[in-house]
Amino acid sequence: MGKYILRRLLMMIPVILGATLLIYFLNFSLPGDPLAGRCGDRPCSPAYEAAFRAEYNLDQPFIVQYVRYLGKLLHGDLGTNFYGKSVAHELAIRYPTTVKLAVIAITFEAVVGVLAGILAGIRKGKFIDNLVIVSTLIFISIPVFVVGGVSQYLFGLKLGWFPVTSGDGSLEQLLLPGLVLGSLSVAYAARLTRTSLVENLRADYVRTAKAKGLSTARTVGIHTLRNSLLPVVTYIGASFGVLMGGAIVTERIFNVNGIGNFIWRSISQRDGVSVVGAVVCLVIVYLVVNLIVDILYGVLDPRISHD
Amino acid sequence: MTETPTTIPAPVPPPHPESVGVPYPTLRVKDTAPKARSLWGDAWDIMRSRPLFWIALALMLLFVVMAAFPQLFTSKDPRSCFLINSRQPPSWGAIFGYDFQGCDIYARTIYGARASILVGTLTATVTAIFGSILGTLAAYFGGWVDMLISRIADVFFAIPLLLGGIIIMYSIPTAPDSPYLFVVFKVVFALSILGWPAIFRLMRSSVLQTKPNDYVQAARALGSSPLHVVGSHILPNSMAPVIVVSTIDLGGYIAAEATLSFLGIGLQAPTISWGIAISHASALGYIRQAPHMLMFPAAFLCLTVLSFIMLGEVVRDALDPKLR
């Protein structure tokens, strides 16, 4: 087990290095002015430009720039925007709201998605199965910003079931945005659970369990589900990337004061330092979450960690 | 062989085991024997009996025609707008109503198809070609080539599509007067650079499965060049999953483009696109007063995405014998 975790950690290093290198390259070394779009609609002032060039060592060779940038990232320094505010600080005061939103979305995804998938899987080919397949297909086809806009109109304005926008970020106000955020992933989780369950139900050990005379509840609930839910766990980790992209959209629509809204406002104010700093932070969080899920996968499925 | 759909290249069927060395006995026997069936021939038989396939195909063709010839659907100019009509609800004169600027929403929705279809099709094509070539190279040659390409793909794969898209779109600045195609290509570039590893992985594993087959070994033993082995034996038998996933992804890329435009960094006004229209319409005041501004472009966007995903899934179900 220890060896597996160590190997995972080592494999992560080139990916993190590569991803940050790629982002840094895209950000600073593509042809064009590196300062374009970093100071709103006006060109940057010479003082800020000089400070920016010094901060990112833009006069040095690329490799030196990158290594120094990496050093800053390790210290949690995501840059300073042209208002003179530290991006890391801006994120630090906003992340609790976004975490709450993500927890609502993931809970929704895990509970509703898995339940729907199980129902569809054990009644393969029946009405409920078709219902789940068609409804998930529809949810997969609707981009999050459409789900957001329409449900804000329908449930917020017309029916009045939920607050229309979020003010202080209480649980009640975050509920609808959280459900909207999870709507795409819940569909994928349901489909994955269904496919995985259907495949496992055909396995020999399930036939043995049935032949022993175990009840359906036990065969499905204990024997099959344990194995079927493994890919779903991995998917929930991978869905984190979709959730973070979706959070930018959802927080914008419902005016939730979290990291996503900060990114959206920075985009519309053309504050490039904040956009890139915040997104880099999200990418690193995503990589770490997936590392944890990978390790968890090794714990849940001993076959993975013993090869 | 049964007829194959025109959009999909007909693969060379794997040779019948008996046909290697032993010729078919006589022509007469062959005539009475059941028809030789290929993977795509079987799939076509299954697909054409499913109504979902025809619905998806019809919707898809409708949107493609709409993107190519918007004039067929509306005689109105989407750019001729009168503020006096601002936010008018649907009526007989304008069946989808008017937006904030007093533009006809029906005309703008029809003309908006072009951006979405163009970005979706181009991105899916670029990722399919690029991913397939690299995937085939990695799987066919193995060793350090495979190692190198796979590790590079891991890096690109690790960056979520939307987050990476935001950074790339931000890094290539667009002036307000940039030509239409430049902005479209920029979005295609951003989505392709993050989308190719998925196709690469798929193609790599698909070629790895095809490579050990006898007919491939035979072709190599007979001294065929690698190009010929790959071109006439490996590719036709390993392209199926890539075609399916690319069709499904095409829908996803259309959604991603609309999301980027919605956030204000994809296509920019004055370009007409569904993402921009939905973005303008989802300001809270407009949702309250003029929900039709949001509903119509959103419905078209969802139907387009749905048609591609549905088509891809029907083809996948037909190709996958396990699901039968």
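Two residues are taken to be in contact if their C-beta atoms, placed from the backbone, lie within 7 Å. The structure described here is a predicted model. By this criterion, and with neighbours within four places in sequence left aside, A:A189 is in contact with A:E109, A:A110, A:G113, A:V114, A:G117, A:V232, A:Y235 and A:I236.

A:A189 also belongs to the largest nonpolar core, which has 174 residues. Together with A:A278, A:V279 and B:I278, A:A189 is among the residues with the most contacts inside this core. The element that gives the most to the core is α13(B), with 17 residues. On the side of chain A, at least three residues are drawn from each of domain 1 (19-74) and domain 2 (88-300). These two domains are those given by the domain assignment of chain A, and their centres, taken over C-alpha atoms, are separated by 35 Å.

Chain B contains 13 helices and zero strands; its pattern along the sequence is accordingly written α-α-α-α-α-α-α-α-α-α-α-α-α. Of the 324 residues in chain B, 46% count as buried. Among contacts in chain B with a separation of 6 or more, 73% are accounted for by residues 24 or more positions apart.

Within chain B, helix α4 (residues 105-141) packs with α5(B) at an angle of about 145°, the axes lying 7 Å apart. The crossing of α4(B) and α5(B) is left-handed. From α4(B), the residues making the contact are B:L134, B:L137, B:A138, B:A139 and B:F141, while α5(B) provides B:G143, B:V145, B:D146, B:I149 and B:S150. Classified by type, the residues in this contact of α4(B) with α5(B) comprise seven nonpolar, two polar and one charged.

The contact between the two chains involves 43 residues from chain A and 37 residues from chain B. On the side of chain B that touches chain A, at least two residues are supplied by each of α5 (143-157), α6 (161-171), α10 (240-263), α12 (284-289) and α13 (292-319). The residues of this side of chain B divide into 29 nonpolar, five polar and three charged.

Notes. Residues are numbered from 1 along each chain as its sequence is written. Chains are lettered from A and ligands numbered from 1 in the order in which they are written. This is a predicted model: local features need pLDDT of at least 70, side-chain atom pairs count only at pLDDT 80 or more; totals for chains, interfaces and linings use all residues. Helices (H or I, at least four residues) and strands (E, at least two) are DSSP runs, numbered from the N terminus. Ala, Val, Leu, Ile, Met, Phe, Trp, Tyr, Cys and Pro count as nonpolar, Asp, Glu, Lys and Arg as charged, and the others, Gly among them, as polar. Axes are lines fitted to C-alpha atoms, for helices over the stretch in contact, and angles run from 0 to 180 degrees between N-to-C directions. A crossing is left-handed if the near helix is turned anticlockwise from the far one by less than a right angle, and right-handed if clockwise. A nonpolar core is a set of buried Ala, Val, Leu, Ile, Met, Phe, Trp, Tyr and Cys residues joined through C-beta atoms within 7 Å. A residue is buried if 20 or more other C-beta atoms lie within 10 Å of its own, exposed if 12 or fewer, and partly exposed in between; C-beta atoms are placed from the backbone. Domain bounds come from an automatic or database domain assignment.
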